[in-house]
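User: I would like to go through this model and ask what stands behind each label. Please set the values against the definitions as we go.

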Amino acid sequence: MRNNIENCMKLDKLVHEPARLVILTVLVEADEMEFRFLEEVSGLNKGNLSGHLSKLEEAGYVEVQKFFRGKVPVTSLKVTRAGRTALQQYRTQLNEVLHPKQSVLTAIKKQFQSTSS
Amino acid sequence: MNDTLSAECHSSEENLATLQKLTREYAKFSREFAGLGHVLGGSLVFLLVYLLRRDSLSTWVGFLLGTTPIIWIIFKEWLHNSYYQFSGRVTQRARRWHDWTVGILAGLFAAAIVATLLVYRLNEHWTWKLGLNTAVCVVLLIGMPLIAWRYLRAPYEFVTGIFLLVLSAFLLSGNLQIATRFARALGFVAVVVAIVMVPAGYAEHMRFLKLRRNMQALKGSA
């Protein structure tokens, strides 16, 4: 039980926030993405989305590039390697919190496999 | 409490999985899926192979046919960048096989060019004057790996695209006879791929229409 609470405390708060979790989850599926698509898919308004993206950019999880295509301003987003790792770690930690028995079993299985090989 | 939390997370996990799937599908239309582009490319292979089997073509008709692969690539790129990316560009993560195949293609083209030059030199047929026509042909052939790397990203369009562009290079440079021989020698390979490419492109287009409906529904529910 205490172990579970400790695991809960370890969760990355920056990724744990639902809007930012959605942003990162969608971003990892593409190489690069325009702001317009993320706005439509996430259902967040421009202001909210910009705010969350700024936080992710500050943490080094997302790269934001602004340029003009003709006369139209475009914002392009890309998840960094650190962002991908953070999301992966978050998923693993959350899984350990929600399914502690399963994760213990997986650890035992892994240990058993390593000793038998 | 843990169960409630777990249930909530599962429902949001499902939502996240749906969003991921939708994004992945949408991104495919930036590189891998060309939909109507594949339908047009495949149809173009049938048309060119059929017409080049007839001997009655004039050089001007050949020249006009030579422009069609370039128009096809422009149309395909418009589909990739605008029509199929109606809600902003989302680029699919690059596939490693593509870099490998382009590398092999570049090697093959380099070897073919070197071999041709050597044969000409050994046979003392070094009378080739570089006119505008030949220059167009040479530029298209040398630039082929670059064009393939940039514009021919799906496996079907890679095969048919190379075939169409080589034909285009011969036709635009006025080498109708070489184009006819090339179409007769390798046309069947391109036709076989085109037979698969046309229905696959149609299926991709149907997937796109479904995806657009899903995205509209998502927008409506937000």
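Analyst: Chain B has 8 helices and 1 strand, where helices (H or I, at least four residues) and strands (E, at least two) are DSSP runs numbered from the N terminus. This is a predicted model, in which local features need pLDDT of at least 70 and side-chain atom pairs count only at pLDDT 80 or more, while totals for chains, interfaces and linings use all residues. Residues are numbered from 1 along each chain as its sequence is written, and chains are lettered from A and ligands numbered from 1 in the order in which they are written.

User: What pattern does chain B follow along the sequence?

Analyst: The order in chain B is α-α-α-β-α-α-α-α-α.

User: What makes A:V62 count as buried?

Analyst: A residue is buried if 20 or more other C-beta atoms, placed from the backbone, lie within 10 Å of its own, exposed if 12 or fewer, and partly exposed in between. A:V62 has 23 C-beta neighbours inside 10 Å, so it counts as buried. This residue lies in strand β2 of chain A. In chain B, 31% of the 222 residues count as buried.

User: Which residues is A:V62 in contact with, leaving aside its neighbours within four places in sequence?

Analyst: Contact requires C-beta atoms, placed from the backbone, to lie within 7 Å. With those neighbours left aside, the partners of A:V62 include A:L27, A:L53, A:L56, A:L77 and A:V79. Separately, A:V62 and A:L24 are 38 residues apart in sequence, with their C-alpha atoms 8.4 Å apart in space.

User: Why is α3(A) called roughly perpendicular to α5(A)?

Analyst: Helix α3 (residues 18–27) and helix α5 (residues 46–58) of chain A pack at an angle of about 75 degrees, with their axes 10 Å apart. Axes are lines fitted to C-alpha atoms, for helices over the stretch in contact, and angles run from 0 to 180 degrees between N-to-C directions. Angles under 35 degrees count as roughly parallel, over 145 as roughly antiparallel, 65 to 115 as roughly perpendicular and the rest as oblique. The angle of about 75 degrees therefore makes α3(A) roughly perpendicular to α5(A). On the α3(A) side the contact is made by A:A19, A:R20 and A:I23, and on the α5(A) side by A:N48, A:H52, A:L53, A:K55 and A:L56.

User: How do you know that β2(A) and β3(A) pair, and how many bridges join them?

Analyst: Two strands pair if DSSP finds at least two bridges between them. Strand β2 (residues 62–69) and strand β3 (residues 72–79) of chain A are joined by 8 bridges and run antiparallel, so the pair meets that definition.

User: What does chain B give to its contact with chain A?

Analyst: The contact takes 21 residues from chain B and 15 residues from chain A. On the chain B side, α1(B) gives the most, with 10 residues.

Technical notes
Contact = placed C-beta atoms within 7 Å.
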